[in-house]
Amino acid sequence: QDCGGTGLILFGGKALLRKTAVERNGRCGVYARNSCLEFLGGNRIADNGHSGIFFAADTRGVWLRGNRLLHNGPPAVKLLATCALDGWEQHATKRRRPQFVAHIQT
């Protein structure tokens, strides 16, 4: 928390996150590259200066019910073309879903 850069960085590994707070960082909350992340529940990603979640280079993830993503810079979730965050669409609120995800072609 309160880091001038990115809160959690993962390069080429697997992370299972449960009850993890990634808050008030100057850049992204979570940045992953060539990795696999599972947001299992009870996680809070909030008040980061850039995207709350940024996946690059074939990163895959799973977003389960019970996680919170609040007040991050736009877009809240940034996925490059070869990346995916399964479960995200089911758990994002209908009111906010269109502004949450940016799929970017590289």
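Predicted model: local features only at pLDDT ≥ 70, side-chain atom pairs only at ≥ 80, totals over all residues.
**Who β8 pairs with**
- Strand β5, residues 36–41, runs parallel to β8, and 4 bridges join the two.
- One of the contacts to look up is Cys36, whose bridge partner in β8 is Arg60.
- β8 also pairs with strand β11, residues 84–86, again in the parallel sense, over 3 bridges.
- Here Gly61 has Leu85 of β11 as its bridge partner.

**Positive phi in loops**
- Asn34 isn't a glycine, yet its phi is positive, at about 50 degrees.
- You'll find Asn34 in the loop between β4 (30–33) and β5, and it is partly exposed, with a relative accessible area of 45%.
- Asp58 is another non-glycine with a positive phi, this one about 65 degrees.
- Asp58 sits in the loop between β7 (53–56) and β8, and is partly exposed, with a relative accessible area of 45%.

**A cis peptide bond**
- Pro74 and Pro75 are joined by a cis peptide bond, with omega at about -20 degrees.
- Look for Pro75 in the loop between β9 (68–70) and β10 (77–80).

Key:
Residues numbered from 1 in each chain as written. Heavy atoms only, no water. Pairing = 2+ DSSP bridges. Buried < 20%, exposed > 50% of the residue type's maximum accessible area, 1.4 Å probe, protein only.
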